[in-house]
Amino acid sequence: MRELTPLEARVLGVLVEKQHTVPDTYPLSLNSLVAGCNQKTARQPVMEAADADVLAAVDGLKSLSLANEVTGSRVVRFEHNAARGLGVPSQSAALLAVLMLRGPQTAAELRLNCERLHRFADISSVEAFLDELAEKQPAKVVKLARAPGERESRWAHLLCGEVLQPVHVAGATALSADAVSAGELAALKAEQARLAAEVAELRALVERLARELGVSVPSA
């Protein structure tokens with residue numbers, strides 16, 4: 001199976017989640033599915049997907065036998081086929097859904113956040129299913145390297161491809177350059193330009209004061 005796009009993963013996660021949390025309105029209408037994708041809480045990252053984008057993601061999932069369109073009512077509705085399509089038990093499908101919706105988490109966080117999808121007896125039960133997913137070919141999840149100061153390692157899904165692992169440098173956690181978003185890069189450049197302008201203004205002030213006092217200013 002090919003890698004999922006981030007929006008396809010979000011759509012699939014929403015379908016799995018809402019089947020358990022709002023069973024009365026499942027399968028989901030397009031409006032409900034879009035609202036679930038763009039939800040501001042319990043989502044990492046937060047998205048702003050349009051109806052057309054979500055429909056395209058559903059079509060992609062349908063081609064992979066991970067979602068179906070339900071007919072027979074006035075409103076077209078959609079349902080998932082995650083467990084069968086991914087070849088995993090329902091418990092693992094619940095874990096993958098939460099990882100797709102909320103990003104990397106520890107086993108303890110997963111147990112808590114999966115409560116409404118599947119109630120795991122204890123953390124060791126969660127870890128057992130995660131280990132099974134990690135050992136599949138191809139692997140469905142990966143255990144990330146533990147960051148400095150963290151007591152537990154986090155897990156991430158691999159349905160959208162490889163995950164950037166944190167690199168520990170001099171006791172700090174540094175991500176590779178590819179992990180810096182365009183927005184973050186733009187903000188850094190803007191801050192650099194602001195600081196450069198501030199330094200220039202301060203130098204001009206020093207030079208003016210030096211001329212008034214009749215002293216020389218060392219060249220930069």
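**Exercise 1.** Find which residues line the second largest pocket, and sort them by type.

*Solution.* Start with the list: M1, R2, E3, Q137, P138, A139, K140, L158, L159, G161 and E162 line this pocket. A pocket here is an open set of points on a 1 Å grid over the protein atoms alone where a 1.4 Å probe fits, with protein on both sides within 12 Å along at least five of seven lines, and lining residues have an atom within 4 Å of a point. Next, sort them: five are nonpolar, two polar and four charged. Here Ala, Val, Leu, Ile, Met, Phe, Trp, Tyr, Cys and Pro count as nonpolar, Asp, Glu, Lys and Arg as charged, and the others, Gly among them, as polar.

A quick word on the ground rules: this is a predicted model, where local features need pLDDT of at least 70 and side-chain atom pairs 80 or more, while totals for chains, interfaces and linings use all residues. Residues are numbered from 1 along each chain, and side-chain values use heavy atoms, leaving out hydrogens and water.

**Exercise 2.** Describe how F120 and F129 pair up, and say whether F120 is buried or exposed.

*Solution.* First, the whole structure holds one aromatic pair (ring centres within 6.5 Å). Then look at F120 and F129: their centres sit 5.9 Å apart with 65° between the planes, so the pair is edge-to-face (over 60 degrees). Finally, F120 is buried (under 20% relative accessible area) at 2%, and F129 counts as buried too, at 18%.

**Exercise 3.** Work out how confident the predictor is in the chain.

*Solution.* The mean pLDDT (confidence per residue, from 0 to 100) is 88, and 85% of residues reach 70 or more. Over residues 168-180, though, pLDDT is below 50.

Technical notes
Rings of Phe, Tyr and Trp (its six-membered ring) pair if their centres lie within 6.5 Å; planes under 30 degrees apart count as stacked, over 60 as edge-to-face and the rest as tilted. Buried means under 20% relative accessible area, exposed over 50%, partly exposed in between (1.4 Å probe, protein chains only). Contact means heavy atoms within 4.5 Å.
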